[in-house]
Structure formats: structure tokens, C-alpha cells
Amino acid sequence: MKYKYQGDFKQKKKQGWALNLYRNTQKGYIGGVCAGLADHFDIDTWVVRLAVFGGFLFLGGFTVMAYIGLWVFLDPKPDYEDIEYEYDERHHTYRPKKMFKYAESASARLHKAKEKLNTIAASVTNMERHVTSRKFDLNRQFSDLKDD
């Protein structure tokens with residue numbers, strides 16, 4: 001008996017679930033699931049493999065079932081002409097469609113966030129230094145005298 005949505009399932013699977021989500025059998029060891037997820041999320045493959053290993057240690061059979069499920073639900077990565085592309089406004093080029101709209105790698109975004117946090121921390125340090133200085137205390141006392 002053929003189900004009504006069986007054709008939809010195969011078509012969506014072949015199209016990478018409209019997210020360009022595929023298994024990467026060239027870089028993968030067992031089925032290419034971890035390599036495919038790493039390609040999709042634009043992170044290093046070893047990070048995904050480490051997460052799967054940690055999941056296996058803490059969650060056991062659930063991780064194995066999830067891996068097998070992804071192996072079944074994800075098609076191998078097709079030729080380049082079958083992949084959907086989207087326009088990247090930041091770099092003014094086309095790139096493979098991803099779940100997230102970030103053009104830079106995760107490590108580059110993390111580096112930028114670290115720089116912003118360092119700038120903010122330096123600002124807070126300067127404000128603290130000013131508020132705790134004698135000059136600030138003196139200016140506050142003069143201000144209090146003017147108000148009286």
C-alpha cells in the first residue's frame with residue numbers, strides 16, 4: 001500500500017529538506033552524517049563528532065537512534081548543480097543555502113563577539129575608574145555645594 005505523502009517525503013529528502021541538509025559521504029567516516037551536519041552549520045567536523053561522542057556517553061542509545069535516523073532521513077550530498085544557492089549581501093556573492101544567514105564561520109563570529117565584549121569591559125573599567133577617582137568625588141562635592 002502506497003501512502004499519499006510518500007512522493008513528498010522522497011522529494012523533500014532529495015532537496016535536502018529545503019535547507020541544503022545532506023550527508024557528506026566524501027568527508028564522513030560512518031555514513032557522513034556528522035560531516036554533513038558540520039557542512040550545514042559551517043563548523044569543523046571534529047566538533048560535531050565530539051558532540052555525538054559526548055551524546056553517546058551521556059544519552060547512550062538515544063544518540064545512536066538519532067544518528068541512524070539522520071542517516072535514513074538525509075540524502076548523500078548531490079552534485080553542485082543540484083544545490084540551492086542564495087545571495088550573500090555581505091560578500092556580494094552566491095553561496096549554498098544554509099539554515100542560518102551568517103556568511104562567516106562560527107569561529108569568526110565568536111572572535112568578533114569576543115572583541116565587542118572586550119571593548120565593553122574596557123568601557124566599564126574606565127567608568128569605574130572615573131567614578132572611584134578623587135576628581136569625581138571632588139566634583140560631586142562642588143555640585144552638592146551649588147545645590148545648597
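I call a residue buried when its relative accessible area is under 20%, exposed when over 50% and partly exposed in between, using a 1.4 Å probe and protein chains only. By that rule threonine 45 is buried, because its relative accessible area is 14%.

I note that this is a predicted model, in which local features need pLDDT of at least 70 and side-chain atom pairs count only at pLDDT 80 or more, while totals for chains, interfaces and linings use all residues. Residues are numbered from 1 along each chain as its sequence is written, and side-chain values use heavy atoms, with hydrogens and water left out.

**Overall layout.** I found six helices and two strands in the protein, taking helices (H or I, at least four residues) and strands (E, at least two) as DSSP runs numbered from the N terminus. Along the sequence I read the pattern α-α-α-α-β-β-α-α. Of the 148 residues in the protein, 22% are buried. I looked up the accessible surface too, which comes to about 11800 Å², with 62% of it belonging to carbon and sulfur atoms; such areas come from the Shrake-Rupley method with a 1.4 Å probe.

**Threonine 45.** I located threonine 45 in helix α3, which covers residues 45-59. Leaving out residues up to four places away in sequence, threonine 45 touches Cys34, Ala35 and Ala38, where contact means heavy atoms within 4.5 Å.

**Helices α2 and α4.** How do the axes of α2 and α4 cross, and at roughly what angle? I found that the axes of α2 (residues 33-41) and α4 (residues 61-73) come within 10 Å and cross at roughly 75°, so α2 is roughly perpendicular to α4, a term for angles of 65 to 115 degrees. The axes are lines fitted to C-alpha atoms over the stretch in contact, with angles running from 0 to 180 degrees between N-to-C directions. From α2 the contact is made by Val33, Cys34 and Leu37, and from α4 by Tyr67, Leu70 and Trp71. By class, I list six nonpolar residues in this contact, no polar and no charged ones.

**Arginine 23.** Is arginine 23 buried or exposed? Arginine 23 is buried, with a relative accessible area of 10%, and I placed it in the loop between α1 (6-14) and α2. Its side chain reaches the backbone oxygen of glycine 31 at 3.0 Å, and a polar atom of that side chain lies 3.4 Å from the backbone oxygen of tryptophan 71. Among the residues that arginine 23 touches, not counting those up to four places away in sequence, I noted Val33, Leu70 and Trp71.

Technical notes:
Angles under 35 degrees count as roughly parallel, over 145 as roughly antiparallel, 65 to 115 as roughly perpendicular and the rest as oblique. Ala, Val, Leu, Ile, Met, Phe, Trp, Tyr, Cys and Pro count as nonpolar, Asp, Glu, Lys and Arg as charged, and the others, Gly among them, as polar. A polar contact is a pair of N or O atoms within 3.5 Å; within protein, one must be able to donate a hydrogen and the other to accept it, and residues adjacent in sequence count only if both atoms are side-chain atoms.
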